[in-house]
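Okay, everyone, let's get going. I'd like to walk through some helix packing and then a few ring pairs.

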Amino acid sequence: MGISERQNEILKIIKEHTYVSVNELSRMTFTSPSSIRRDLTRLENLGLVNRSYGGASLPEINGRVAGFYNRSTKNVKEKRLIAGKASALLKNGQSILLDSSTTASFMLPYIAKMDSAVVFTNNLEIAVSAIKQGIRTHCIGGASIGGSVSLGGSQTYKALADISVDMMFFSSQSLSMDGMITDSTEEENYVRSVMLERADKTVFLCDSTKFNTRSLYTLTSLDCVDYAVFDRDFEGLVTKATLL
């Protein structure tokens, strides 16, 4: 027996956000939490999702999250729009920290236009792309996170402790209505938290598919970020961050 139209919609939402809580799914599908739980049980029995911590996530494949390339081909129009808006913050000679997100990678063409800019990143693909675009680049060392091109671990933390940058551009998997920025990958989330401490100004880049969602691990509050850049307005969101 197949899955219902609503269960298919639930699966689509989880694929987009990796982890979604029962309450978030309830609101997004206009369905009661009890019905959502039954739907998740059905999807779990079929091996399509994993249930945990009051929500559901995609089953892990060899412990890896979605590949960088696959993620970089999603919501391209929105990410380009966000990068274009955020480029207004760039200045010549800036030191810039980019996290491992594909959204941050869309900043590279704009950074390449700046004189004497220098980029630091813990993502191998972003580092190579920055070098190819003629940007002075430092790849922050470490161990591969879950077989991905993102690096973490003690070497990464030590390297970050030695730098202090002008600006950090970062993203995450989820942004809830109350302004909490969350992610489903613990290690990448922790690396970002260390990065935030090493930047004079922080810029959160978030496309609207992540609105009204929450993932497992909390990174920070939008109120603790200097700037937030979206592809469209987040209606009802109240924050101290400057919105671009």
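So, at roughly what angle do the axes of helix α1 and helix α3 cross? Roughly 80 degrees, for α1 (residues 5–17) and α3 (residues 33–45), and the axes come within 10 Å. Axes here are lines fitted to C-alpha atoms, for helices over the stretch in contact, with angles from 0 to 180 degrees between N-to-C directions. Helices are DSSP runs of H or I, at least four residues, strands are E runs of at least two, and both are numbered from the N terminus. α1 and α3 are therefore roughly perpendicular (that's 65 to 115 degrees; under 35 is roughly parallel, over 145 roughly antiparallel, the rest oblique).

Quick caveats: this is a predicted model, so local features need pLDDT of at least 70 and side-chain atom pairs count only at pLDDT 80 or more, while totals for chains, interfaces and linings use all residues. Residues are numbered from 1 along each chain as its sequence is written, and side-chain values use heavy atoms, with hydrogens and water left out.

Back to the contact, meaning heavy atoms within 4.5 Å. On the α1 side we've got Arg6, Gln7, Ile10, Leu11 and Ile14, and they meet Ser35, Ile36, Asp39, Leu40, Arg42 and Leu43 of α3. Sorted by class, that's six nonpolar, two polar and three charged residues.

Next pair: α9 (residues 154–161) and α10 (residues 186–197) pack at about 15 degrees, axes 10 Å apart. That makes them roughly parallel. From α9, Thr156, Tyr157 and Leu160 meet Glu187, Tyr190, Val191, Val194 and Met195 in α10.

Now the rings. There are five aromatic pairs in the structure (Phe, Tyr or Trp rings, the six-membered one for Trp, with centres within 6.5 Å; stacked is under 30 degrees between planes, edge-to-face over 60, tilted the rest). Take Phe211 and Phe230: their centres are 5.1 Å apart and their planes sit at 75 degrees, so this one is edge-to-face. Phe211 is in the loop between β12 (199–206) and β13 (217–221) and Phe230 is in strand β14 (residues 227–230), so the pair ties together parts 19 residues apart in sequence.

Phe211 also pairs with Phe234, and that one is stacked, at 4.3 Å centre to centre and 10 degrees between planes. Phe234 is in the loop between β14 and β15 (242–243), 23 residues apart from Phe211.

Notes
Nonpolar A, V, L, I, M, F, W, Y, C, P; charged D, E, K, R; others polar.
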